[in-house]
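Thank you all for coming. I would like to walk you through one structure this morning, going from the chains to the sheets and then to a single residue.

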Amino acid sequence: MKVSYFETGRYQAPPSLPAEWPMPSGAYDPGEGARVYQGMVDRIGYAEKLGFDWVSLSEHHYSPRILTPSPAVAAAYIAARVPNIKIALLGPIVSHSNPIRIAEELAMVDTLSGGRLIAGLLRGTSNEALTYDLNPQESRERTDEGMELILKAWTEPRPFGWQGRHFRYRTVSVWPRPMQQPMPPTYALGTSREAGDFAARNHIGLGVSYGPFDVMGKATGHYRAECARHGWEPGPDQIIFRANILLAETDAEAQRALEASPARAPFSLGTKVAEALLEVDTRNIAGEARAASINRALPINFVGGPETVIKQIRSCREQTGAGIIDLGFNTPGTTDPGALMGALDLFASKVLPRIRDI
Amino acid sequence: MADSNTLFREGFVDADGFRIRYWEAGSGPPLVHLHGAGGPRLTAAHDFLSRSFRVVAFEMPGFGEQENQRSSSIQDLARTMASAAETMSLGRFNLMGTSFGGKVGCWLAVLSPELVISLVLEAPAAIRPDGSQPVSGTPGDIARRLYAHPELMPPMPPADPVLAARRLALVTRLRGPGRDPALEDCLRALDIPALVLFGTRDAVVPPDMGRIYEELMPDAHLVFVYDAGHAIAAERPEAFAEVVGDFLERNDAFVISRNRTVLMP
């Protein structure tokens, strides 16, 4: 099992701030923001020394919860300051952006980092559609088309035009191309039938997140069945499972921390907007419809002392086939960086050496 | 043979000893279309293009009721089609070839470059990988080969098995090798603006073939039509007609966008 540390770039919001999304940007403290970014290098450098294989970054907007609206910018900064760890962008929200720009930025990051980029291509959670005035009902098909265009931009050696549904270019010929040829390890991120189909058809990996192992196993099962239909078999390195982890010295201690964690996601949407968004955003797991997750706190898949967590990781591998776990260590409801470093230490000493053979 | 309530009128022209059927609509610069191995087919893209062009869609000899044992080569067939266009007094014309018709179109442009204003190749079969086979079989088989999304398309009409077998034999006899050095040498020297289109989901001719045309031909543009199979104009008619019309109107300058992004002036 390979292990990735999910760097959330978490801003320490004072408790007096309102907790509804979007956070008023006038409440932003530039000094605290600078500390968040400088701290990223300390945390990621530490994860590298502890033996983590990857650091992952994600794209979120208008809130202190994850302060990386442009993950490529964060990745370039990390690439220059942390020498060896693989840098996984999980990922740029494809439906939001100009796909050619994403292809160019990821190629830059791959080159700047000496070929350390892992690329995850993402549709984005429902609330993200509100930031760039994107119709949530179009986000699925914009993502599918954008992902295909990004792969084409990386691999097509001659200039080409693109006559899409959502994107049109008369001439595309990106420079630089990725340092890793023909492309960096690339994943479609999502549990939907469409994400699995796309990944299988294009011989790339799949990343799933946060759900129960058996449910995520349906998504990865669909992906593997589609890969077989396309005549290939993905290895464990081609399935990522992103999850929160709450690791403590003992199960009882972890349970106490779990009980103290909030049920509602920090910086949630207002109720009316959340309800309206639920009506227009459709989601599925391997083709089975499910409601979008809006305002619910993300589940914690790995909870307990080291023995229990190792068993859970084994079960995750068995049920989903994932060979890479991408772990969010920030204990929900707390923003204490000391506790985070402690959790990383505990994981590296008590768990990591015992899951390499899983 | 028509996908839409087309405005096209049927006509016949006698050329090179054949009585050649065609369908025609629109006014403006002439645009001649040479169909694929499955025979003539009018799509909504023809209707869109007929708003700006005088579209003449030929049925090449041997693809309709009449047999064609006479065309001895694909160059021969290209000469016949040039003769048909000349007999109709089209003057210089834009030439669009689909799949097998793309190879006929390449030869027509090479043999009679003075006739051709611009060349459009829709999923052309002039360059094919080893082992590539023409489309045949039941209507369901054909739909699965031609379309990225057969489930979204109207069912293929059942083909007359005698005519289908005759067309397949003719294509097999005339289509030539997958790589034809004589044709490719001529394409290198072809001084005609060309647009090459491939659907990203083409299951008949791999879209990777597109870059070979772009590299060979001095004035060629390659465009991928997202989520279309081999029958691009049938599957994504608006997308096809938009880029083809723009290219025929402006050639190289079609890279300059005229797309307006003003939401609320």
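What follows is a description of a predicted model, beginning with the overall dimensions of its chains.

Let me start with chain A, which has ten helices and 13 strands. Its radius of gyration is 20 Å, close to the 21 Å that the globule rule gives for 358 residues, and chain A is therefore as compact as a globular protein of that length. If you take the principal axes, the C-alpha atoms of chain A fill a box of roughly 60 × 50 × 40 Å. Of its 358 residues, 47% count as buried, and when we consider the contacts in chain A with a separation of 6 or more, 75% of them are accounted for by residues 24 or more positions apart.

Chain B, for its part, has nine helices and eight strands. Here the radius of gyration is 17 Å, close to the 18 Å from the globule rule for 265 residues, so chain B is as compact as a globular protein of that length. The C-alpha trace of chain B spans about 60 × 45 × 40 Å along its principal axes, and 49% of the 265 residues of this chain count as buried. Among the contacts in chain B between residues at least 6 apart in sequence, 74% join residues at least 24 apart.

Now to the strands, and to β13 of chain A, residues 324–328, in particular.

The pairing partners come next. Strand β1 of chain A, residues 2–6, pairs with β13(A) in the parallel sense over four bridges, and K2(A) has I324(A) as its bridge partner in β13(A). Strand β9 of chain A, residues 239–247, also pairs with β13(A) in the parallel sense, over five bridges, and R242(A) stands opposite D326(A).

There is also a sheet that takes strands from both chains: an open sheet of ten strands with mixed pairing, in the order β6(A)-β5(A)-β8(B)-β7(B)-β6(B)-β5(B)-β3(B)-β4(B)-β2(B)-β1(B). At its edges stand β6 (168–172) of chain A and β1 (9–15) of chain B, each with a single partner strand, so one side of each is left without a neighbour in the sheet. From one strand to the next, the twist averages 20°. Within this sheet, β3 of chain B, residues 30–34, and β4 of chain B, residues 54–58, run parallel and are joined by five bridges, with R54(B) as the bridge partner of P30(B). Helix α2 of chain B, residues 74–87, lies across β1, β2, β3, β4 and β5 of chain B, running at about 110° to β1(B).

I will finish with one residue, M216(A), which is found in helix α6 of chain A, residues 213–229. Because M216(A) has 26 C-beta neighbours inside 10 Å, it counts as buried. Leaving aside residues up to four places away in sequence, M216(A) touches T191(A), V208(A), G211(A), F241(A) and T320(A). M216(A) and G190(A), 26 residues apart in sequence, are 9.7 Å apart in space, C-alpha to C-alpha.

Key
Residues are numbered from 1 along each chain as its sequence is written. Chains are lettered from A and ligands numbered from 1 in the order in which they are written. This is a predicted model: local features need pLDDT of at least 70, side-chain atom pairs count only at pLDDT 80 or more; totals for chains, interfaces and linings use all residues. Two strands pair if DSSP finds at least two bridges between them. Helices (H or I, at least four residues) and strands (E, at least two) are DSSP runs, numbered from the N terminus. The radius of gyration is taken over C-alpha atoms; the globule rule is 2.2 Å times the number of residues to the power 0.38. A residue is buried if 20 or more other C-beta atoms lie within 10 Å of its own, exposed if 12 or fewer, and partly exposed in between; C-beta atoms are placed from the backbone. Two residues are in contact if their C-beta atoms, placed from the backbone, lie within 7 Å. Axes are lines fitted to C-alpha atoms, for helices over the stretch in contact, and angles run from 0 to 180 degrees between N-to-C directions.
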